[in-house]
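My notes from going through this model, one entry per thing I looked up.

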Amino acid sequence: MTQEDILKALGNVQEPDLGSDIVSLNMVKDVQINGNDVSFTIVLTTPACPMKDLMRNAAINAVRLLVNKEANVQVNFTANTNSKRTDPGQILPKVKNIIAVVSGKGGVGKSTVSANLALALAQGGAKVGLMDADIYGPSVPIMFGVRGERPKMMAGGEKGLIVPLERYGIKLMSIGLLVDEKNAVVWRGPMASSAIKQFVTDVFWDELDYLVIDMPPGTGDIHLTLMQTVPVTGVIVVTTPQDVALADAKKGIAMFGQAQIKVPIIGIVENMSYFTPAELPNNKYYIFGKEGGKKLAEEYDIPFLGQIPLVQSIREGGDKGMPIMMTDDEITKSAFSDFAGLAARSIAMRNASLEATRVIEVVA
């Protein structure tokens, strides 16, 4: 066996999302051959790649079928998260992907989805930050058990940089870490927008594969400020199955599809899809309707990223400062892990096939 033989065989292994083989995409590294032992590394486009096992089996089969049926094949994986940022890099220069999690209305569990998405991506091996952009109703301090903690400052920039807190392997920033939770944030739109701009420009996020931004509900000042400050890779829309939530989700989709904004929709995730009581884990009760989010995704030809059940442990975990991804509830964790895997896959496909998002011009 030679390295050329191995690479020729692996040229028959397709990367499922990018539409080409892993050799042409320069994803195969460090081919080692010792007798019948063969090892090589496949460089994934994201650590959270849900196609990892599929690619491993295809690579092993290719070597055994086309080179040596007696080969002992060891497939290793590493990841170099792809990015489509082409801006000068003065703002968030080391952040590869900026993902805004949005909803047309409040109460759909957007913060819960954002928190567990960030944790699931991190558990897949990615470097992740979570920015709570909901100025008037910040949830991160409670959900991550960091109430009362304050971020520190470090030298950098003109006035210094804020160092985000770290919890469960991800970086966190929220207005709730800077303001006493007993006090209401009574700010006009320009002040709230200014705070969001500071969270982007004056926080030391350092190197991240994904910065997940938990946006406030609706389609307003803060959304525009974010997109005028830094190029957003894409948007994940959170909805629940009922018609009221779907109608508002459509407004969110419409906002980001406007010609002067044009930020890609990574996908739609349906939260509170069905109720599953703890004592009857195999039962599903469709309290809010059935598959509304899936039908919405089909209507707009947008990727559907999955369904998150309505279970008591999700609420309890958020209230206790331990999101569901940090518990031993395997069924619910699996729903979030599958969602995060599909989201990472959709982001990688977006970066491979679409033009880079640009910072938008001022929208009147």
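This is a predicted model: local features need pLDDT of at least 70, side-chain atom pairs count only at pLDDT 80 or more; totals for chains, interfaces and linings use all residues.

**Entry: α5 and α6**

With that cut-off I listed the residues where these helices meet. From α5 I got Gly189, Ala192, Ser193, Ile196, Lys197, Val200 and Thr201, and from α6 Asp221, Ile222, Thr225, Leu226 and Thr229. Sorted by class, the contact has 5 nonpolar, 5 polar and 2 charged residues. Next came the geometry: the axes of α5 (residues 189-201) and α6 (residues 221-229) come within 9 Å and cross at roughly 35°. I noted the crossing as right-handed.

**Entry: α7 and α8**

Helix α7 (residues 243-257) packs with helix α8 (residues 292-300) at an angle of about 35°, and their axes are 11 Å apart. This crossing is right-handed. On the α7 side I found Leu246, Ala249, Lys250 and Ile253, which meet Gly292, Gly293, Leu296, Glu299 and Tyr300 of α8. I count 5 nonpolar, 2 polar and 2 charged residues in the contact of α7 with α8.

**Entry: the start of the chain**

Then I looked at α1. Which residues of helix α1 (residues 3-10) are buried? I get Ile6, Ala9 and Leu10. They cover an arc of only 95° around the axis, so they sit on the same side of α1. The face turned away from that buried side carries Glu4 and Lys8, both exposed. What do the buried residues of α1 pack against? I found β3 (28-34), β4 (37-44) and α2 (52-66).

**Entry: the listed binding site**

The unreviewed UniProt entry also gives a "binding site", made up of Gly104, Lys105, Gly106, Gly107, Val108, Gly109, Lys110 and Ser111. I checked two of its residues.

Val108 is in the loop between β6 (95-102) and α3 (110-123). Its relative accessible area is 3%, so I put Val108 down as buried. Leaving out residues up to four places away in sequence, Val108 touches Ser103, Val238, Thr240, Ala245, Asn271 and Met272.

Lys110 lies in helix α3. Is Lys110 buried or exposed? At 6% relative accessibility Lys110 counts as buried. Beyond its neighbours within four places in sequence, Lys110 is in contact with Val101, Val102, Ser103, Asp214, Met215, Pro216, Pro217 and Val238. I see Ser103 and Val238 in the contacts of Val108 and in those of Lys110.

**Entry: Val212**

Val212 is in strand β12 (residues 208-214). With a relative accessible area of 1%, Val212 is buried.

**Entry: Ser346**

I found Ser346 in helix α10 (residues 330-353). Its relative accessible area is 11%, and since anything under 20% counts as buried, Ser346 goes down as buried. What does Ser346 contact, leaving aside neighbours within four places in sequence? The list is Ile266, Pro303 and Leu305.

**Entry: positive phi**

Last, I looked at two residues other than glycine with a positive phi. Leu92 has phi near 50° and is in the loop between β5 (72-79) and β6. Leu92 is buried, at 6% relative accessibility.

Lys262 has a positive phi of about 50°, and I found this residue in the loop between α7 and β14 (265-270). Lys262 counts as exposed, at 57% relative accessibility.

Methods. Residues are numbered from 1 along each chain as its sequence is written. Side-chain values use heavy atoms; hydrogens and water are left out. Axes are lines fitted to C-alpha atoms, for helices over the stretch in contact, and angles run from 0 to 180 degrees between N-to-C directions. Helices (H or I, at least four residues) and strands (E, at least two) are DSSP runs, numbered from the N terminus. A crossing is left-handed if the near helix is turned anticlockwise from the far one by less than a right angle, and right-handed if clockwise. Contact means heavy atoms within 4.5 Å. Ala, Val, Leu, Ile, Met, Phe, Trp, Tyr, Cys and Pro count as nonpolar, Asp, Glu, Lys and Arg as charged, and the others, Gly among them, as polar. Buried means under 20% relative accessible area, exposed over 50%, partly exposed in between (1.4 Å probe, protein chains only). The arc is that of the directions from the helix axis to the C-beta atoms. UniProt positions are given in the numbering used here, feature names are shortened, and annotations may be inferred rather than shown by experiment.
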